[in-house]
Amino acid sequence: MSTPPNDRGRVTDAIARDLLARAAHIDQDSTQLAHLRAAAVEAGISEAAFDEALREWRADSTRARMTTSWHQRILPNLGGFVVGWGALAVLAAADRLLDAAPLVHKMTDPLGLLVGALVAARLRARTATIIMGGLAVSQGAEFLMDLLAHGSAIQGFYAHVGLMVAGIGGVAAS
């Protein structure tokens, strides 16, 4: 059923649905579902119909996340790791070529890892961002401790692993 052209205060049911859907989409970042449900009821939509639409929407968004192919999940993370470890290797090679002091080498570690974390974040590779960022934080903390102690402040395998786990855990928690 079409609306007469001279009646500007009325729209067809299809247009009303499109307008509500578009308005909800525009306001989705700040609209709570309770407010949206109330607006739907006020617009003459039953709560049962709204709840069914909400259930379908949630199922579709879950399905969309589940159907992401492996290469869409793995390749960005791999890219972040490759760039980070590559930057770390280039900086380490430069340290060796320049015969840099051990403290300079300690300073370049977090920089290389930070490059990897930034690239991973840009690629939206969450796993690589957390790991590379956490390792950058832990190596940066170790550099500061070594700088203040005028030598190697962290001694032993377990101390290094603990510091790395703390850095990764801290980044993951934030």
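What pattern does the protein follow when you read along the sequence? The pattern is α-α-α-α-α-α-α.

## The big picture

Keep in mind that what you're looking at is a predicted model. The protein has seven helices and zero strands. It holds 174 residues, and buried residues make up 22% of them.

Here's a number about how the chain meets itself. Take the contacts between residues at least 6 apart in sequence: 57% of those join residues at least 24 apart.

## Helices α5 and α6

The axes of α5 and α6 come within 8 Å, and they cross at roughly 160°. Angles over 145 degrees count as roughly antiparallel, so α5 is roughly antiparallel to α6. As for handedness, this crossing is left-handed.

Who does the touching? On the α5 side, the residues include Leu103, Lys106, Met107, Pro110, Leu113, Leu114 and Ala117. They meet a set in α6 that includes Ala128, Thr129, Met132, Gly133, Ala136, Phe143 and Leu147. Sorted by class, the contact of α5 with α6 has 14 nonpolar, five polar and four charged residues.

## Two leucines in α5

Leu114 sits in helix α5. Is Leu114 buried, partly exposed or exposed? Its relative accessible area is 41%, so Leu114 counts as partly exposed. Now pair Leu114 with Gly133: the two are 19 residues apart in sequence, and their C-alpha atoms are 6.1 Å apart in space. Both residues also turn up in the contact between α5 and α6.

Leu118 lies in helix α5 too. With a relative accessible area of 55%, Leu118 is exposed, because the cut-off for exposed is over 50%. Leu118 and Gly84 are 34 residues apart along the chain, and 8.8 Å separates their C-alpha atoms.

## Helices α6 and α7

Next, follow α6 to its other partner here, helix α7, which covers residues 157-173. The axes of these two helices come within 7 Å and cross at roughly 130°. That angle makes α6 and α7 oblique to each other. Their crossing is right-handed. The α6 residues in this contact include Thr129, Ile130, Gly133, Gly134, Val137, Ser138 and Met145. From α7 come His160, Leu163, Met164, Gly167, Ile168, Val171 and Ala172. Split by class, the contact of α6 with α7 has 10 nonpolar residues, seven polar ones and one charged one.

You'll find Ser138 in helix α6. Its relative accessibility is 1%, so Ser138 counts as buried. Which residues does Ser138 contact, leaving aside its neighbours within four places in sequence? They are Leu163, Met164 and Gly167, and these three belong to the α7 side of the helix contact.

## An aromatic pair

How many aromatic pairs does the structure hold? The count is one. A pair of aromatic rings is described by the distance of the centres and the angle of the planes. For Phe157 and Tyr158, the ring centres are 5.3 Å apart and the planes are at 75°, so the pair is edge-to-face. The cut-off behind that label is an angle of over 60 degrees. Phe157 is exposed, and so is Tyr158.

Now for something about the backbone. Most residues other than glycine have a negative phi. Which way does Asp99 go, positive or negative? Asp99 has a positive phi of about 50°, although it is not a glycine. This residue is in the loop between α4 (70-97) and α5 (102-122). Asp99 is exposed, with a relative accessible area of 68%.

Arg124 has a positive phi as well, of about 60°, and it is not a glycine either. You'll find Arg124 in the loop between α5 and α6 (126-149). With a relative accessible area of 77%, Arg124 is exposed.

Notes:
Residues are numbered from 1 along each chain as its sequence is written. This is a predicted model: local features need pLDDT of at least 70, side-chain atom pairs count only at pLDDT 80 or more; totals for chains, interfaces and linings use all residues. Side-chain values use heavy atoms; hydrogens and water are left out. Helices (H or I, at least four residues) and strands (E, at least two) are DSSP runs, numbered from the N terminus. Buried means under 20% relative accessible area, exposed over 50%, partly exposed in between (1.4 Å probe, protein chains only). Axes are lines fitted to C-alpha atoms, for helices over the stretch in contact, and angles run from 0 to 180 degrees between N-to-C directions. Angles under 35 degrees count as roughly parallel, over 145 as roughly antiparallel, 65 to 115 as roughly perpendicular and the rest as oblique. A crossing is left-handed if the near helix is turned anticlockwise from the far one by less than a right angle, and right-handed if clockwise. Contact means heavy atoms within 4.5 Å. Ala, Val, Leu, Ile, Met, Phe, Trp, Tyr, Cys and Pro count as nonpolar, Asp, Glu, Lys and Arg as charged, and the others, Gly among them, as polar. Rings of Phe, Tyr and Trp (its six-membered ring) pair if their centres lie within 6.5 Å; planes under 30 degrees apart count as stacked, over 60 as edge-to-face and the rest as tilted.
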